[in-house]
Amino acid sequence: MTTPWQGYLDDSTVTSRISFRFSACGTRAACLATTESGRQQAESWSLRADGPVLDFSTELTCDLAYTMVLPLDGERLLVSRHGSQDTQTLDLLHPDGRLTALGSTQHAPLALLALPAGSPGLALAWSGRDAGAGAADQETALYRVTTGTPWLQELVRLPGRVRDATICGPRILFALEAASGRVRLLVDPRDGTAVPVTFLDDTARVLAGTEHHLLLALRGPQGPALARADLADGSIRALDPGAPPRGIVYPLTLDPTGTTVAVLETVGARSLLSCWNTETGAVQRIVVPEGELLPVAAWTPAGLWLPHSDPRQPRTMAWLPPGAPELHVPTAPVGPWRPGRVESFPGAAGPVEAVVYGPDWRTSRRVVVALHGGPTSHWTLGFNPLFQLFAAAGIAVVAPNQRGSTGYGAEHTLSLVGAWGVPDLADVSTVAAYVQAYRAPDLDRPAVFGISYGGYLALLAAGTRPDLWSGCVAVAPFLSGPRLHAEGFVTVRGMVERLDGLTEATDALGPRDVTRFAADLRGRLLLIHGARDESTPVEHSRSLARQLADLGRREGTDFRYLEPPDRGHAALGAHVQDPIAALVARFLAEGESAADPARELVRERR
């Protein structure tokens, strides 16, 4: 079911919306958007009883990865931007596009939270960085962000480091790591008074709150379980939905009365939504158009609000009115976007679900098998600008959720632990062989494309089964799990340890190090790696390019390597007119005799 936009909205050029934040009372929202041409803007939304209204959008010159917007009263937005050397600047953005500078800091970055109605100031701020050893013995100062002097006004000091903050009506519940252990305090931002909450132990994680209730996740022998706590008497009621969830569960928020929980489930490439009654355990399944829902939401007397997208409509605000059985999604503007769908393909150990874009992969001249990063991630039916770019170029996209992907049960996901490049590589090769078997002999073999872990897997696929592939595009790849652990950044090393990417394969193919298979990377090859990659060291791609040259491969003819100096891990950008994304589409769409687009782009950038 759809409902038309309330008010005027020219939404035809937006391709990406990220960083959604809601006001404390849930009646306003803000996000960052990117248009087809790459223009970046901040958006302000009103969430009303007659539907969502996009109040205004204003261009911002910033790096969206280091920018956050917070909705304030009167349609204003608080804009926080992080720069080099820990600089952070805060500005007030007005509906007419004016920016009022509030202040800046070069100390530890500030975490920001919307203030409940009636509290003085614009927002609440505190140091968002872990101070390291001895942090539990330190205090955390809470500040009001104001338009006055000083722009940060201390409200209260809390005994420990903030680990979590949850708005509960007019108060805010803080979880703190203190010298005595975990402490929870309800702070009233109107006067700074703090009341301890003693009935919650270390097994409880607070997910959402209202003035009188908390939504909890409790650790137990069978895994996390949902519960509702009463702030008045400390009672805790376990939530039993009767039927077990079908996928990854994201408890979103409580309704204003605290009697119903909104729950998002990701089941494969699809998103499901349900409402759980905390009193009876009854579950109401909400009718949701096929697509992707984000696990961020607000629930007001006017209904439940959360972002939604589908293959033909970029992310926008969806609405579940009170008592409604169906999610209302705004009518998509008429545009050029191609439809997407879900298909099943045979994998090495059973069916593999894939998101498919563009023309029929059986008959199209070009087809690409696209591999997601992560590795614990998955493709969804949400809007994908890159897939739209490929489809517009006449390329059929098959994006499998091979083993290791999330959303298909623990066995599917955990099969990758200690086996990087083993079950997932087998599935990808099987999918490619199936695709090729159902294509006419005069059509090109599929190409393989991947980003990050997907780039690593794409290189393995092209190097271990060169007979299956016409070409390979690897963006920000690494060479092996052990090398990524040894040379990568701290957060990436933790991921390698958690998913055991250090264990070497002992099957017939042996260790899954890309350099072992470089001599068999015989198809067309395009490597792209941002020089400022903050996740995967750029030296991995440089090293592979040098190895290929040592093997006698000619750069610019046999393979192409592009290193954009001003880009990081997200080297392809977020819009359909991005020049590097266009280069990839051109590379996949053209034959082997085509001109070298990488050289052309380098000349253009100079």
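Helix axes are taken here as lines fitted to C-alpha atoms over the stretch in contact, with angles running from 0 to 180 degrees between N-to-C directions. The structure is a predicted model.

**Helix packing**

On that basis, helix 1 (residues 385-392) packs against helix 8 (residues 579-589) at an angle of about 40°, and their axes lie 9 Å apart. Helix 1 is therefore oblique to helix 8. The two helices, helix 1 and helix 8, cross in a right-handed manner. From helix 1, Leu 386, Leu 389 and Phe 390 meet Ala 581, Ala 582, Val 584, Ala 585 and Leu 588 of helix 8. Sorted by class, this contact of helix 1 with helix 8 comprises eight nonpolar residues, with no polar and no charged ones.

**A strand pair**

Strand 8 and strand 9 pair in the antiparallel sense over six bridges. Leu 93 stands opposite Leu 99 in strand 9. The hairpin formed by strand 8 and strand 9 has five residues between the strands, and Gly 97 adopts a positive phi near 95° there.

The elements of the two pairings are listed below.

| Element | Residues | Partner | Partner residues |
|---|---|---|---|
| Helix 1 | residues 385-392 | Helix 8 | residues 579-589 |
| Strand 8 | residues 88-93 | Strand 9 | residues 99-105 |

**Salt bridges**

Side chains of opposite charge can pair when their charged atoms come close. The model has 26 salt bridges. One of these pairs Glu 279 with Arg 237, the closest N and O atoms being 3.3 Å apart. This pair links distant parts of the chain, 42 residues apart: Glu 279 lies in the loop between strand 24 (270-277) and strand 25 (283-286), whereas Arg 237 belongs to strand 21 (residues 236-238).

Technical notes:
Residues numbered from 1 in each chain as written. Predicted model: local features only at pLDDT ≥ 70, side-chain atom pairs only at ≥ 80, totals over all residues. Heavy atoms only, no water. Helix = DSSP H or I, 4+ residues; strand = E, 2+ residues; numbered from the N terminus. Parallel < 35°, antiparallel > 145°, perpendicular 65-115°, else oblique. Left-handed = near helix turned anticlockwise from the far one by under 90°. Contact = heavy atoms within 4.5 Å. Nonpolar A, V, L, I, M, F, W, Y, C, P; charged D, E, K, R; others polar. Pairing = 2+ DSSP bridges. Salt bridge = Lys/Arg side-chain N within 4 Å of Asp/Glu carboxyl O.
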